[in-house]
Structure formats: C-alpha cells, structure tokens
Amino acid sequence: ARSTESATAIEGRDPFDGTGRLWLAGAALSQEVAGDPASGRKLAGQCRTCHGIEGAAKMPAAPSIGGEPASFLASQLTAFRSGTRQNEMMSVVAAALSDQQIADLAAWYSSQTAVATLTADPSGAPESCVSCHGVDGMGMDDDTPDLAGENSIYLLSQLKAFRQGSRPSEIMQPIAESLDDDQMRAAAEWYASVKLEIAKPE
C-alpha cells in the first residue's frame, strides 16, 4: 500500500483483482496464484538481511520494497527466476522460489504501508521521472516502483543498468540513455532525499 504526505496526493491501490487473488507476471506463469501474507511473512526471513522483514532496506545496494504493489514485486521475482533480470544475490534466491512462494512474498511486502514525505521544494523534482514516479517517488501505477527514500547508490546503479541495457526495459532504457551522469545523480539524490516510512499492517 502507498501513501503520501507531500503536496501530491497518491491514492492507495489494491494490487489484487478485487477478489484477493493475484496474477503473476511472466510468460512461464499462466495460472492464477493466490498470495498469502502470513506465509509470505515467514518466507521473508530469508529476505530480512537486505530488505528487512517489513521491506525497509538494510543496505545501500538493496531497495526498500515494503508497500510496493504485489503485481510489481511478483513480476520482479519472476524475472530474477527466469533470468530476464539478473543480480548476483537475487538470481540465486529467486531460483529456489515456487510460484506460490513468489505470490506469498509479494502479498506480504505489499501489505505494508509506505508513506512518503517531501523534504524539498516540489519544483526541483526531475522532469524526466515525475510522470511515472511522481514528485515524491511514489509510483503512479502498479507497474511502476516507488523510488521514495531509496539509497542514491542503488538508484544510480539502476539508472546506469538501464542505460547500458543490462536491465532491459522498453520504457526506462530510452529515458536513461537521454540522461548524462550528472542528471542521473541529481535524480537519484532527489528521490533519496524523500523521507520514507514503512508501517506494518494492523
């Protein structure tokens, strides 16, 4: 779940289809899988060193994932598992996950509430990013990740990966290719400056 205390209101979104069921993205996954947050909470023990139990990142190279849409989280885990997205740590972790476990982890982390608070003048937000990620770094739809409060090291590394093509994306690659190093750094520092709080589900 997402929330914001900045000048731009972002409505909370249900990552499920209205029935409590979640569709996993990926060509290899054609069946519907219902995610269980309680089971995901147990599985999150293997994620806690980098992402924390509630999804607040514990190291600069890892993103905060609490409150992200379940569909986005599932699609990324599926991509790591299939090899379409690669990371030395995540590719190994995801390779061992079943469809059910992916759905459960996505359900757990999406059940947190992420609250973003701007700490600077909104006019300073990077123009290339705000249409999808918002002024405060809260994704505008379920396919767009939150950037609020992420470490600038992580954000910069992902922008460079998009530019180099090592993280494929039809949307992000051309945007990243249009940015020079200074513009990338400015965008990363902007979103890193947003205050992020992740609240546990009640």
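The side chains of Asp99 and Arg81 meet in a salt bridge, with 2.7 Å between N and O. Because Asp99 lies in helix H5 (residues 99-110) and Arg81 in helix H3, this pair ties together parts that are 18 residues apart in sequence. The model is predicted, and the structure holds three salt bridges. A search of the whole structure finds zero disulfides.

**Overall architecture**

- The protein chain contains nine helices and three strands.
- Read from the N terminus, the elements follow the order β-α-α-α-α-α-β-α-α-α-α-β.
- Of the 202 residues in the protein chain, 45% are buried.

**Salt bridges**

- Side chains of opposite charge can pair when their charged atoms come close.
- In the bridge between Asp99 and Arg81, the arginine partner, Arg81, counts as partly exposed at 26% relative accessibility.
- Asp181 forms a salt bridge with Arg163, and the closest N and O atoms of this pair are 2.7 Å apart.
- This pair links distant parts of the chain, with Asp181 in helix H9 (residues 181-192) and Arg163 in helix H7 (residues 152-164), 18 residues apart.
- Asp181 is partly exposed, its relative accessible area being 36%, and Arg163 is likewise partly exposed, at 25% relative accessibility.
- Asp182 forms a salt bridge with Arg185, in which the closest N and O atoms are 3.2 Å apart.
- Asp182 and Arg185 are separated by about one helical turn because they stand three residues apart in helix H9.
- Within this pair, Asp182 counts as exposed at 54% relative accessibility, whereas Arg185 is partly exposed with a relative accessible area of 34%.

**Cysteines**

- With regard to accessibility, Cys47 counts as buried at 13%, whereas Cys132 counts as partly exposed at 31%.

**Surface charge**

- Which residues gather in a patch of positive charge on the surface? The patch is formed by Arg41, Arg48, Lys58 and Lys200.
- One of these residues, Lys58, is placed in the loop between helix H2 (48-51) and helix H3 (70-82).
- Lys58 counts as exposed, because its relative accessibility is 57% and the exposed class begins over 50%.

**A loop residue and its distant partner in sequence**

- Gln86 is located in the loop between H3 and helix H4 (90-95).
- The relative accessible area of Gln86 is 65%, and this residue is exposed.
- Gln86 and Ser166 are 80 residues apart in sequence, while their C-alpha atoms are 8.2 Å apart in space.

Technical notes:
Residues numbered from 1 in each chain as written. Predicted model: local features only at pLDDT ≥ 70, side-chain atom pairs only at ≥ 80, totals over all residues. Heavy atoms only, no water. Disulfide = S-S within 2.5 Å. Buried < 20%, exposed > 50% of the residue type's maximum accessible area, 1.4 Å probe, protein only. Patch = residues over 30% accessible without salt bridge, like charges linked within 9 Å, V, L, I, M, F, W, Y side chains within 5 Å. Areas by Shrake-Rupley, 256 points an atom, 1.4 Å probe, with all protein chains shown as cover. Salt bridge = Lys/Arg side-chain N within 4 Å of Asp/Glu carboxyl O. Lys, Arg positive; Asp, Glu negative; His and termini not counted. Charge placed at Lys NZ, Arg CZ, Asp CG, Glu CD. Helix = DSSP H or I, 4+ residues; strand = E, 2+ residues; numbered from the N terminus.
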